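Here are my notes on this one, as numbered points. Have the viewer open while you read.

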Amino acid sequence: SSLLQLYEKVALFLTNLEQPRTESEWENSFTLKMFLFQFVNLNSSTFYIAFFLGRFTGHPGAYLRLINRWRLEECHPSGCLIDLCMQMGIIMVLKQTWNNFMELGYPLIQNWWTRRKLRQEYGTQRKTSFPQWEKDYNLQPMNAYGLFDEYLEMILQFGFTTIFVAAFPLAPLLALLNNIIEIRLDAYKFVTQWRRPLASRAKDIGIWYGILEGIGILSVITNAFVIAVTSDFIPRLVYAYKYGPCAGQGEAGQKCMVGYVNASLSVFLVSDFENRSEPTSNGSEFSGSPLKYCRYRDYRDPPHSPVPYGYTLQFWHVLAARLAFIIVFEHLVFCIKHLISYLIPDLPKDLRDRMRREKYLIQEMMYEAELERLQKERKERKKNGKSYHNEWP
């Protein structure tokens, strides 16, 4: 919450520096800044897990270290997708539950404290005889920015449900359940815990529409990267069609994945470990004799090859397939999106025709009124004995 207050102050300072021309421009500028601050704050952990965690750790025998001292964090042995799924689950369940609790709990506690002070000051009998307007005045004032917090919460939730939906498909269901509960909590809060807000007209939802469009585009790109880079989908396909038992047959069935785990692991000579990375035991308690080799997740050459621990051809095949999938996937989804938006216009055809008809009738009425005014002026001039040539009409 302290970070939230800091973000708000920074966003206010930056917006006022811009000196927007109108109030709506000020609101749009402030909204965009607050959204970007909050979005980065809440999504940085998920982006890190999805795309950076375990990517730059090196390999056994040549680990990358921070300040030449600390090894970088690695993914779960089953892959980063499980880590991402757990992170999304925690955010969608715990964060939304805490938000709902705070949204209702904060005004409830403040109103209870106000009522307590009033009882101490006026006594119970005097307090119950307050007129309704005074009772309403003692409730919590609405946020200075109106419905800004409610909008921000919904937009951030939309981001969580779409950006990493490939890693956590339960997110939309959890968002729906949360929103069903939140509708009732917000209704209770508006009616009983907040002062009646001042009504104000709005043409549309402002810059929120553009933010939603941006999240939609970002979610297509991130889901393409999650499927291609974070999950094992592409390495499995490459193995099935190129390296497995069915290689060259043009089809992949159940038995085509036999040997995939073995092919996805590289061989490492235990004696090549750095001094500070050596295992605590030599593995003799498992096999009876000291272990000479170990396996790790990567596509690298064995230690006795001409280029020890260099990338294999399979690594480059997988990388090429990943890049190809990203390009094809996002182009396909964007084409479908544009096709649907073209087939389903924002305004129905009959409504657009009615609007054009209305515009035409207004123009006709204005023309007739102007014609009538000119004819009246002409008659008055004739009556007064003044006439001019080349008059219109």
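**Notes on packing and surface**

1. Let's start with α12: its buried residues pack against α8, α9 (233–243) and α10 (260–264). Bear in mind that this is a predicted model.

2. Which residues of α12 are the buried ones? They are Gln 314, Phe 315, Val 318, Arg 322, Phe 325, Ile 326, Glu 330 and Phe 334. The helix itself runs over residues 313–343, 31 residues in total, and its first and last C-alpha are 45 Å apart, close to the 45 Å expected at 1.5 Å a residue.

3. Now the largest nonpolar core. It has 30 residues, and Phe 35, Leu 84 and Phe 164 have the most contacts inside it. Two or more residues each come from α2 (23–51), α3 (80–122), α6 (148–163), α7 (171–193) and α8 (208–230). The biggest share, nine residues, is from α2.

4. Leaving aside residues up to four places away in sequence, Phe 164 touches Thr 46, Phe 47, Ala 50, Phe 51, Leu 84, Met 88, Asn 223 and Val 226.

5. On the surface, look for a nonpolar patch formed by Tyr 48, Phe 52, Phe 56, Leu 66, Ile 67, Trp 70 and Leu 72; together they have about 750 Å² of accessible area. Leu 72 sits in the loop between β4 (70–71) and α3.

How values were computed
Residues are numbered from 1 along each chain as its sequence is written. This is a predicted model: local features need pLDDT of at least 70, side-chain atom pairs count only at pLDDT 80 or more; totals for chains, interfaces and linings use all residues. Side-chain values use heavy atoms; hydrogens and water are left out. A nonpolar core is a set of buried Ala, Val, Leu, Ile, Met, Phe, Trp, Tyr and Cys residues joined through side-chain atoms within 4.5 Å. Buried means under 20% relative accessible area, exposed over 50%, partly exposed in between (1.4 Å probe, protein chains only). Helices (H or I, at least four residues) and strands (E, at least two) are DSSP runs, numbered from the N terminus. Contact means heavy atoms within 4.5 Å. Patches are made of residues with over 30% relative accessible area and no salt bridge: like charges are joined within 9 Å, nonpolar side chains (Val, Leu, Ile, Met, Phe, Trp, Tyr) within 5 Å. Accessible areas come from the Shrake-Rupley method with a 1.4 Å probe; for residues, only the protein chains shown count as cover. A salt bridge is a side-chain nitrogen of Lys or Arg within 4 Å of a carboxyl oxygen of Asp or Glu. The expected span of a helix is 1.5 Å times one less than its number of residues.
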